[in-house]
Amino acid sequence: MKLARTFLYIILGPVIVCSCIPSGRDYGKEMYEEKCANCHGIEGDGLQQLYPPLKNADYLEQNQDKLACLIRFGTQGGLVVNGVKFEGKMEGQHLLSDVDIHNIINYISKNINPNLKQVTITEVGDQLIDCKE
Amino acid sequence: MRAFLLFLVASVLLSSCEEKDQSLPILGRHDFDTEYKNGELVTDTIYYTLPDFRFTDHNGNIFDEQLVKDKIYVTDFFFTSCPTICPKMSKNMLQMAEEFKDNERVLFLSHSIDTRHDSVPVLKKYATKLNAPNNWYFVTGEKDKIFSLAEKYMVSAGEDPHAPGGVIHSGAFVLLDGKRRIRAYYDGTKSKEMNKLRADIKTLIKESS
């Protein structure tokens, strides 16, 4: 019985302690890897002429103010990234909240395309209200 | 202490076999044929092999089992508009197809499971945009035949209206030898698994030369 109790402490102790320490969880990264990386790649390299890159992508750099809308509503009909033509279709991520989109954009601008600027949640919210769709 | 030693020795032994053993098992349920030959009982193993098939590839040519005769091949099930795991699988398959494109004994075969949408021209366009080398075939055909063949490869594929894209399927790559026998499975969505696949293809090349 006593043994069982000690055992419990050993197991529970670290769990409790760990849960108090900020986990360092990066939601932007998790979201990006779950929702974007399948197609655009973990590093944002894209895949041949099927999926455009996000890293060093002139299209993205020139259209950063449309990124929030692009994530929510998708895009299709073709676009040119770094001189390469893409004629695919990206579905919108309608289930992502403004906060999710905000996290994804900042993850991309911090880790994948440093030519982008960081955005605030208010900016993202404003962009999303003005989406043309 | 003794138990610990035993454990240590056992694990050393085990890991050392793993390194030496370079051959790949033959997977699937095999049959055994036992008969008397010259008064002696002999058992022959009838290995599980993939049945014949007949599809159309992205160039509009018939693709049937004759084309994989004596070939080591890697196969998967995908669809061009798949929003989830397929792009990763294509990326990994592309890497492998590129690496073995000069070896005519190795080929790559992707079956579409969205046969209604993935017509020959759609597959052709996909292959072109992907810059897929010539040793990689994309095939389409009758939906039921493709699904039932997936079953024979022992990977899951089927329709599911709730899944993204309407079909559910496994991200597995299956490795077969020149006799259409299944030799190994890989998670086609993990780039790390390709190291194993590369090594295993080389093992099969050696085995059959």
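**Pockets, chain interface and salt bridges**

In this predicted model, the element that gives the most to the lining of the largest pocket is helix α3 of chain B (residues 120-130), with four residues. The lining of this pocket comprises 25 nonpolar, 15 polar and seven charged residues. The space within the largest pocket amounts to about 1,400 Å³. It is lined by 47 residues, and those closest to its centre are Cys39(A), Tyr51(A), Lys89(A), Met90(A) and Glu91(A).

The second largest pocket holds about 330 Å³ of space. Its lining consists of 18 residues, of which Ile42(A), Lys88(B), Lys91(B), Asn92(B) and Ser191(B) are the closest to the centre. At least two lining residues each come from α3 (37-40) of chain A and α2 (86-99) of chain B. By class, five residues of this lining are nonpolar, seven are polar and six are charged.

Contact between the two chains involves 14 residues of chain B and eleven residues of chain A. About 1,100 Å² of area is buried between them, with carbon and sulfur atoms giving 55% of this. Of the area that chain B buries against chain A, 46% is supplied by Pro87(B), Lys91(B) and Lys129(B), more than by any other three residues. Lys91(B) is also among the residues closest to the centre of the second largest pocket.

Another salt bridge is formed by the side chains of Lys190(B) and Asp187(B), at 3.0 Å from N to O. Lys190(B) is partly exposed at 46% relative accessibility, and Asp187(B) is partly exposed at 27%. Lys69(B) and Asp70(B) also meet in a salt bridge, at 4.0 Å from N to O, and both residues are exposed. A network of salt bridges links Asp177(B), Arg181(B), Arg183(B) and Glu207(B).

Glu159(B) is found in strand β8 of chain B (residues 157-159). With a relative accessible area of 53%, Glu159(B) is exposed. The C-alpha atom of Glu159(B) is separated by 33 Å from that of Glu99(B), and the two residues are 60 residues apart along the chain.

Key. Residues are numbered from 1 along each chain as its sequence is written. Chains are lettered from A and ligands numbered from 1 in the order in which they are written. This is a predicted model: local features need pLDDT of at least 70, side-chain atom pairs count only at pLDDT 80 or more; totals for chains, interfaces and linings use all residues. Side-chain values use heavy atoms; hydrogens and water are left out. On a 1 Å grid over the protein atoms alone, a cavity is a set of points where a 1.4 Å probe fits but cannot get out, and a pocket is an open set with protein on both sides within 12 Å along at least five of seven lines; lining residues have an atom within 4 Å of a point. Grid points are joined across faces, edges and corners, and a volume is the space filled by probe spheres set on the points. Ala, Val, Leu, Ile, Met, Phe, Trp, Tyr, Cys and Pro count as nonpolar, Asp, Glu, Lys and Arg as charged, and the others, Gly among them, as polar. Buried means under 20% relative accessible area, exposed over 50%, partly exposed in between (1.4 Å probe, protein chains only). Contact means heavy atoms within 4.5 Å. Buried area is the accessible area (1.4 Å probe) that two parts lose on being put together, summed over both.
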